[in-house]
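Here is my note on this model. Please read the points with the structure open.

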Amino acid sequence: YDLMIQHGFHAARYLFSLQIVFIGFVLFSTITLVAGWISQNFAAYRKLSNGMKKEWRCRVTAFSHAIFAIVAMTYAALTFPYALEPEALIRGDTDFLRFTESICCGYFLWDAAIILLNWGEKETDYFGVSGIIHGTMCSVVYLASLAPFGMYLTGLHLLFEYSTPFLHIRWFLIKTGNADNAFAITNDYVFVFVFFVARVCMGPYYIYLYLQSYIALPYDPMNYIFMNTILISNGLNYYWFYCILKSALVASPSAKKEKSRKKKAQRKKQK
């Protein structure tokens, strides 16, 4: 498993990790560009406004990251030895876990950068405050984690991504006019369920693991970063879940169809 218990900052491994972070940033930037070229072949994409096209491309990239994070981090977590020992939770370091978190850190840097570049875009709320908080916070905590400090714990938070593919699938179904079929409705309910389990339920457990490991290094300054970011991360999850419940996600199929019908009627009147 290449497990190492690192005591203190390891400059050589950290610098190597930064190179992988940069590769991750370039990789996800490239995916965004390629997504734009490929999407030109879809009529639904060509009909969108420029702002919505930007969101489409970013969601393709976010979907790609989510799939990578789910697969890679699930494997890294299952193969991480001594996962529940306090010192290993804080100082444990494996090559594959480091690689996974470095690539994901590159994504979070891309996420924060793309939101800043498109800040104030009026045609979509994708590039908003919660997005910049999430991207910036994750960039900081994962860069700090690679020291190493709490790599296993920060890695577990990547498993929040289990709900993300369903979110983006829902968005694409809406934009392509397929939001009312059986697949879309099933996807909506699966999304709510997975979000609740992967984020709302598991988030407090990850906090518990962190507090359990806190006794190993209670006075380490890195705890200030970790405590705040873990609380903010979980707070965002609860806020997002509140928004999900408040929306029409869990409405009945007939209610959703009626809502869609009213929107179409309103658009016709505007024309």
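**Notes on the fold, the core and a charged network**

1. The chain has eleven helices and two strands. Along the sequence the order is β-α-α-α-α-β-α-α-α-α-α-α-α. Keep in mind that this is a predicted model.

2. Of the 271 residues, 47% count as buried. Among contacts with a separation of 6 or more, 82% join residues 24 or more positions apart. The accessible surface comes to about 14,000 Å², and carbon and sulfur atoms make up 67% of that surface.

3. The UniProt entry, which is unreviewed, places "transmembrane region" at residues 20-39, 60-84, 96-119, 189-211 and 223-242. Two of these spans can be checked against the model. Residues 189-211 are 100% helix and 0% strand, with the end C-alpha atoms 33 Å apart. Residues 223-242 are also 100% helix and 0% strand, and there the end C-alpha atoms lie 28 Å apart.

4. Which residues touch the most other members of the largest nonpolar core? They are Met73, Phe108, Tyr142, Leu156 and Phe226, in a core of 50 residues. Helix 1, helix 3 (50-78), helix 4 (86-91), helix 5 (95-117), helix 6 (129-145), helix 7 (151-157), helix 9 (182-213) and helix 10 (222-246) each supply at least two core residues. Helix 5 gives the largest share, ten residues.

5. Take Leu156 as a case. Setting aside residues up to four places away in sequence, Leu156 touches Met73, Ala77, Tyr206 and Leu209.

6. Now the charges. The structure holds six salt bridges. One of them pairs Arg13 with Asp93, with the closest N and O atoms 3.1 Å apart. Arg13 is in helix 1 and Asp93 in strand 2 (residues 92-93), so this pair ties together parts 80 residues apart in sequence.

7. Arg13 also forms a salt bridge with Asp95, at 3.1 Å from N to O. That pair links helix 1 to helix 5, 82 residues apart. Asp93 in turn meets Arg98 in a salt bridge, at 2.8 Å. Together, Arg13, Asp93, Asp95 and Arg98 are linked in a network.

8. Asp93 is buried at 0%, and Arg98 is buried at 4%. Asp95 is partly exposed at 37%.

9. Last, the surface. Leu33, Val34, Trp37, Ile38 and Phe42 form a nonpolar patch with about 540 Å² of accessible area together. Ile38 sits in helix 1 (residues 11-39). Ile38 is partly exposed, at 47% relative accessible area.

Note on methods: Residues are numbered from 1 along each chain as its sequence is written. This is a predicted model: local features need pLDDT of at least 70, side-chain atom pairs count only at pLDDT 80 or more; totals for chains, interfaces and linings use all residues. Side-chain values use heavy atoms; hydrogens and water are left out. UniProt positions are given in the numbering used here, feature names are shortened, and annotations may be inferred rather than shown by experiment. Helices (H or I, at least four residues) and strands (E, at least two) are DSSP runs, numbered from the N terminus. Patches are made of residues with over 30% relative accessible area and no salt bridge: like charges are joined within 9 Å, nonpolar side chains (Val, Leu, Ile, Met, Phe, Trp, Tyr) within 5 Å. Accessible areas come from the Shrake-Rupley method with a 1.4 Å probe; for residues, only the protein chains shown count as cover. A salt bridge is a side-chain nitrogen of Lys or Arg within 4 Å of a carboxyl oxygen of Asp or Glu. Buried means under 20% relative accessible area, exposed over 50%, partly exposed in between (1.4 Å probe, protein chains only). A nonpolar core is a set of buried Ala, Val, Leu, Ile, Met, Phe, Trp, Tyr and Cys residues joined through side-chain atoms within 4.5 Å. Contact means heavy atoms within 4.5 Å.
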